[in-house]
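The sequence and the structure come next.

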Amino acid sequence: QVQLVESGGGLVQAGGSLRLSCAASGRTFSSYAMGWFRQALGKEREFVAAISWDGGSTNVAHSVWGRCTIFRDNAKNTVYLQMNRLKPEDTAVYYCAADSVGYRTTTRHDEYDYWGQGTQITVSS
């Protein structure tokens, strides 16, 4: 069992930056691949980024390419999402998720085993 708690969301002006954190419980965090997804009001959940268990492989959605970095610190059981040059269309609830197949960086939300409760990012224009 893995419990995930996101933090770092908030209100930011367009062009600003935020760093999201996702803290995981459990000693097996380092064996999981981790992903970030987002869901805007009235829209489907959308893949943002994923990272393999050792950080050796990452996958970033085209919509945030060049503005977003995913990284992890297994010693702290935490995965991060650094988002720069934020746009109003980045407004959404951001969720982190854990995938027990640690080597992959899948974009499919149904392949993740555990989810956090989400943190809101609101980008004003």
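Does C96 count as buried, partly exposed or exposed, and at what relative accessibility? C96 counts as buried, at 0% relative accessibility, where buried means under 20% relative accessible area, exposed over 50% and partly exposed in between, with a 1.4 Å probe and protein chains only.

## Basis of the model

The model is predicted, so that local features need pLDDT of at least 70 and side-chain atom pairs count only at pLDDT 80 or more, whereas totals for chains, interfaces and linings use all residues. Residues are numbered from 1 along each chain as its sequence is written, and side-chain values use heavy atoms, with hydrogens and water left out.

## Cysteines

With a disulfide taken as a pair of cysteine sulfur atoms within 2.5 Å, the count comes to 1 disulfide. This disulfide joins C22 to C96, with an S to S distance of 1.9 Å, and because the torsion about the S-S bond is about 45 degrees, the disulfide is right-handed. The pair links distant parts of the chain, since C22 belongs to strand β3 (residues 18-24) and C96 to strand β9 (residues 92-99), 74 residues apart; strands are DSSP runs of E with at least two residues, numbered from the N terminus. C22 is also buried, with a relative accessible area of 0%.

C68 is buried too, with a relative accessible area of 7%, but its sulfur lies 13 Å from the closest cysteine sulfur, that of C96, which is too far for a bond.

## Aromatic pairs

Rings of Phe, Tyr and Trp (for Trp, its six-membered ring) pair if their centres lie within 6.5 Å, and planes under 30 degrees apart count as stacked, over 60 as edge-to-face and the rest as tilted. By this rule the count comes to 7 aromatic pairs. In one of them, F37 and W115 have ring centres 5.1 Å apart and planes at 55 degrees, so the pair is tilted. This pair links distant parts of the chain, with F37 in strand β4 (residues 33-39) and W115 in strand β10 (residues 114-115), 78 residues apart.

F37 is buried, with a relative accessible area of 1%, whereas W115 counts as partly exposed at 25% relative accessibility. Both residues belong to one aromatic cluster, formed by F37, F47, Y95, Y112 and W115.

## Charges over rings

A charge sits over a ring if NZ of Lys or CZ of Arg is within 6 Å of the ring centre and within 35 degrees of the ring normal. The charged end of R45 sits over the ring of W115, 4.7 Å from its centre, while R72 lies over the face of F29, at 4.5 Å from the ring centre.

Conventions. Helix = DSSP H or I, 4+ residues; strand = E, 2+ residues; numbered from the N terminus.
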